[in-house]
Amino acid sequence: MSWGTELWDQFDNLEKHTQWGIDILEKYIKFVKERTEIELSYAKQLRNLSKKYQPKKNSKEEEEYKYTSCKAFISNLNEMNDYAGQHEVISENMASQIIVDLARYVQELKQERKSNFHDGRKAQQHIETCWKQLESSKRRFERDCKEADRAQQYFEKMDADINVTKADVEKARQQAQIRHQMAEDSKADYSSILQKFNHEQHEYYHTHIPNIFQKIQEMEERRIVRMGESMKTYAEVDRQVIPIIGKCLDGIVKAAESIDQKNDSQLVIEAYKSGFEPPGDIEFEDYTQPMKRTVSDNSLSNSRGEGKPDLKFGGKSKGKLWPFIKKNKLSLKLGATPEDFSNLPPEQRRKKLQQKVDELNKEIQKEMDQRDAITKMKDVYLKNPQMGDPASLDHKLAEVSQNIEKLRVETQKFEAWLAEVEGRLPARSEQARRQSGLYDSQNPPTVNNCAQDRESSPDGSYTEEQSQESEMKVLATDFDDEFDDEEPLPAIGTCKALYTFEGQNEGTISVVEGETLYVIEEDKGDGWTRIRRNEDEEGYVPTSYVEVCLDKNAKGAKTYI
């Protein structure tokens, strides 16, 4: 099968076909180029998507990613980022191994095609020139033969005419001989040119054209093979990244399998555990015995007597506690967070203090490393004075040492608070653990003393339900007046301070370890006891900080929590 023998007369069609083959190759190059652009765009979109959902550094969102499910999501995003990188690899490899290679090959192919068809046209022009020479020689031979015949006929006519002179006959005979010789010469020339043309024509159709068409055939077959190889490379580029993409997907599956719901549940406990015990049972208050009646947490006493009727909030409120709650809420909203985190529940406070101690230790280590570096530099200056003045580092060294001392003092302060909290917190296995009492900004006894009516705010402090806050707003003025004008409550017992407590928040009172005070309102299950030192000093202290002894006539007996 050869184009030279089978398609010897299809020069123009072969020229069109080979141009079509080059167009197909260029179309394939364009296809691959657009594929690389799609891969790059896809990789970019995947990277942007991964970046969009990454937690922001030093933000509250970053703290939430301590849970295993969130960590798995982060791993998913990281693997997706690597997955995007593989699509970039696909784009780069296709561009370098297919597009660049084929573009160079197309240019070479065009040059080779141009050269082959140039040779073909040259051979065509040569055979056409030979053909024209043959036609010219043939026409000249034909013309000379006719001229020779006419000269011969004229001679014979003159020779037969008796009236023509002998000289005229001789002249006619010579003319006939000349024409005959010219015809013979034309015949010989025509015969020679014909033989030459036949030879050239044989060479053209059996040698030149087959050779040229064979080169064109080989060129076209190489183009086809090259296009097939490019398609294989196209598939191979994709196949090369499949193992890595598989690893990315395996990483996502592994991250998903690493999710531990029990661990996440424990982290929730550590994040929000207050350290308080649930409130105890509410004692029965016998209203049939007025002499033994204590202040009820289900009604609001009117200390002014006949002037005002009893005011109630759904049968659950206690009037004199509302101003204290309201002020505490206001102070929390203003962001007045104590330095020792005493506004937090014990467990949360311990975590915050531990975190602060760790941060201070890191800062101390950083300053110490800086001091060591300065000291080494000073030693170098002492050994090589030309490098610098050692005295110039003394100020910096003293400043760093001063910073270290300040940080150590700060650390000791927080470590003392931490030791205090850890000393107040019993072991986790103990059932009868004392409440911490360090949660200074916690609300005092709530209007119904039930845990169901408290809500935990995001910062760990307690807030009353919205319905109770609405009721408080309606009668806040009357309550403030009543609380300010209320006569001192009678003492219902005494208490002894087991630990020193610094009452920093409004409504609390400071006590010193071993001090004896009067109890004017016992703990209603919220962890606070109201005490009095003298007529002008009274407030709340954590119940776990005092040992309470109630009078016999008062409700209850001696309690020790």
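This is a predicted model: local features need pLDDT of at least 70, side-chain atom pairs count only at pLDDT 80 or more; totals for chains, interfaces and linings use all residues.
Reader: How do α4 and α5 pack, and at what angle?

Author: Helix α4 covers residues 68–160 and helix α5 covers residues 166–257. Their axes lie 6 Å apart, at an angle of about 175°.

Reader: Is that roughly parallel or roughly antiparallel?

Author: Roughly antiparallel, because angles over 145 degrees are counted that way.

Reader: What residues make up the contact of α4 with α5?

Author: The contact divides into 44 nonpolar, 21 polar and 23 charged residues.

Reader: Which salt bridge involves E112?

Author: The side chain of E112 meets that of R222, with a distance of 2.3 Å from N to O. E112 belongs to helix α4 and R222 to helix α5, so this pair ties together parts that are 110 residues apart in sequence.

Reader: Are E112 and R222 buried or partly exposed?

Author: E112 is partly exposed, with a relative accessible area of 27%. R222 is also partly exposed, at 36%.

Reader: How many salt bridges does the structure hold?

Author: There are 23 salt bridges in the structure. One of them joins the side chains of D394 and K378, at 2.6 Å from N to O. Since D394 lies in helix α9 and K378 in helix α8 (residues 346–383), the pair ties together parts that are 16 residues apart in sequence.

Reader: What is the relative accessibility of D394 and K378?

Author: For D394 the value is 36%, which counts as partly exposed. K378 is at 21% and counts as partly exposed as well.

Reader: What about R530: which residue forms a salt bridge with it?

Author: R530 pairs with E521, and their closest N and O atoms are 3.8 Å apart. R530 counts as buried at 6% relative accessibility, and E521 counts as buried at 3%.

Reader: Which residues are linked in a network of salt bridges?

Author: E521 and R530 are linked with R532 and E538 in such a network.

Note on methods. Residues are numbered from 1 along each chain as its sequence is written. Side-chain values use heavy atoms; hydrogens and water are left out. Helices (H or I, at least four residues) and strands (E, at least two) are DSSP runs, numbered from the N terminus. Axes are lines fitted to C-alpha atoms, for helices over the stretch in contact, and angles run from 0 to 180 degrees between N-to-C directions. Angles under 35 degrees count as roughly parallel, over 145 as roughly antiparallel, 65 to 115 as roughly perpendicular and the rest as oblique. Ala, Val, Leu, Ile, Met, Phe, Trp, Tyr, Cys and Pro count as nonpolar, Asp, Glu, Lys and Arg as charged, and the others, Gly among them, as polar. A salt bridge is a side-chain nitrogen of Lys or Arg within 4 Å of a carboxyl oxygen of Asp or Glu. Buried means under 20% relative accessible area, exposed over 50%, partly exposed in between (1.4 Å probe, protein chains only).
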